[in-house]
Amino acid sequence: MTEIFTTRVRDIISSIPPGRVMTYGLVASRAGNRSGARQVARILHSSSEKYDLPWHRVMNRDGKISLPRGGGYEQQKELLEQEGIVFGGNGCIDLEEYLWPANNCF
DNA sequence: CTCGTGACTCCCG
DNA sequence: TCGGGAGCCACGA
C-alpha cells in the first residue's frame with residue numbers, strides 16, 4: 001500500500017474487466033483518496049493512451065458518461081456497448097448491473 | 001519552482 | 001426538488 005495515488009489509479013482502472021465499469025469517486029476511494037475523483041479524470045487524460053487504460057470504463061456517479069456529446073461521449077458509449085453494456089434512454093447505465101465490485105478484489 | 005485547470009463528488013440553502 | 005459552492009490533488013506549461 002505504499003504506491004502513490006497515480007500508480008494505484010492506473011492499476012485499478014487496468015483491473016476493470018470488460019463489461020464492467022467504475023466511477024471516478026470509487027476509483028479514487030480505492031486509490032486512497034475519496035476526494036481524488038478529479039485527479040482520476042486528469043490521470044485518465046494524461047495516461048490513458050500511455051498506459052492503455054480503459055478510460056471508457058470510468059464514468060460519473062450517476063452511471064452516465066461525463067463527456068459531452070461530440071466530445072468523446074459517442075466513442076465511450078460505443079466502446080461500452082461493444083462490451084455488452086446497455087444504455088438507457090437517458091444515456092445512463094445500471095450501475096447495480098455493471099459496477100465492478102473492486103472492493104472484493106482486495 | 002509556481003500557477004492554472006480539470007471526463008468529480010458531497011453538502012447546504 | 002434543484003442549484004451553487006467548496007474540497008481535493010496531480011499533471012502540464
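Biologist: Which residues does Thr23 touch, not counting those up to four places away in sequence?

Modeller: This is a predicted model: local features need pLDDT of at least 70, side-chain atom pairs count only at pLDDT 80 or more, and totals for chains, interfaces and linings use all residues. Contact means heavy atoms within 4.5 Å. With residues up to four places away set aside, Thr23 touches Val58, Met59, Asn60, Arg61, Leu95 and Leu99.

Biologist: Is Thr23 buried or exposed?

Modeller: Residues are numbered from 1 along each chain as its sequence is written, chains are lettered from A and ligands numbered from 1 in the order in which they are written, and side-chain values use heavy atoms, with hydrogens and water left out. Buried means under 20% relative accessible area, exposed over 50%, and partly exposed in between, with a 1.4 Å probe and protein chains only. Thr23 has 0% relative accessibility, so it counts as buried.

Biologist: How far is the backbone nitrogen of Leu26 from a polar atom of the side chain of Thr23?

Modeller: Thr23 sits in strand β1, residues 22–23. A polar contact is a pair of N or O atoms within 3.5 Å; within protein, one must be able to donate a hydrogen and the other to accept it, and residues adjacent in sequence count only if both atoms are side-chain atoms. From the side chain of Thr23 to the backbone nitrogen of Leu26, the distance is 3.1 Å.

Biologist: Which strand holds Met59?

Modeller: Strands are DSSP runs (E, at least two residues) and helices are H or I runs of at least four, numbered from the N terminus. Chain A has six helices and two strands. Its pattern along the sequence is α-β-α-α-β-α-α-α. Met59 falls within residues 58–59, strand β2.

Biologist: How far apart in space are Met59 and Ile13?

Modeller: Met59 is buried, because its relative accessibility is 0%. Beyond four places in sequence, its contacts include Val21, Met22, Thr23 and Tyr24. Met59 and Ile13 are 46 residues apart in sequence; C-alpha to C-alpha, they are separated by 11 Å.

Biologist: What radius of gyration does chain A have?

Modeller: The radius is taken over C-alpha atoms, and the globule rule is 2.2 Å times the number of residues to the power 0.38. For 106 residues, a compact globule would come near 13 Å. Chain A agrees, at 13 Å.

Biologist: What share of the 106 residues in chain A is buried?

Modeller: The C-alpha atoms fill a box of roughly 40 × 30 × 20 Å along the principal axes. Of the contacts with a separation of 6 or more, 59% join residues 24 or more positions apart. The buried share of chain A is 39%.
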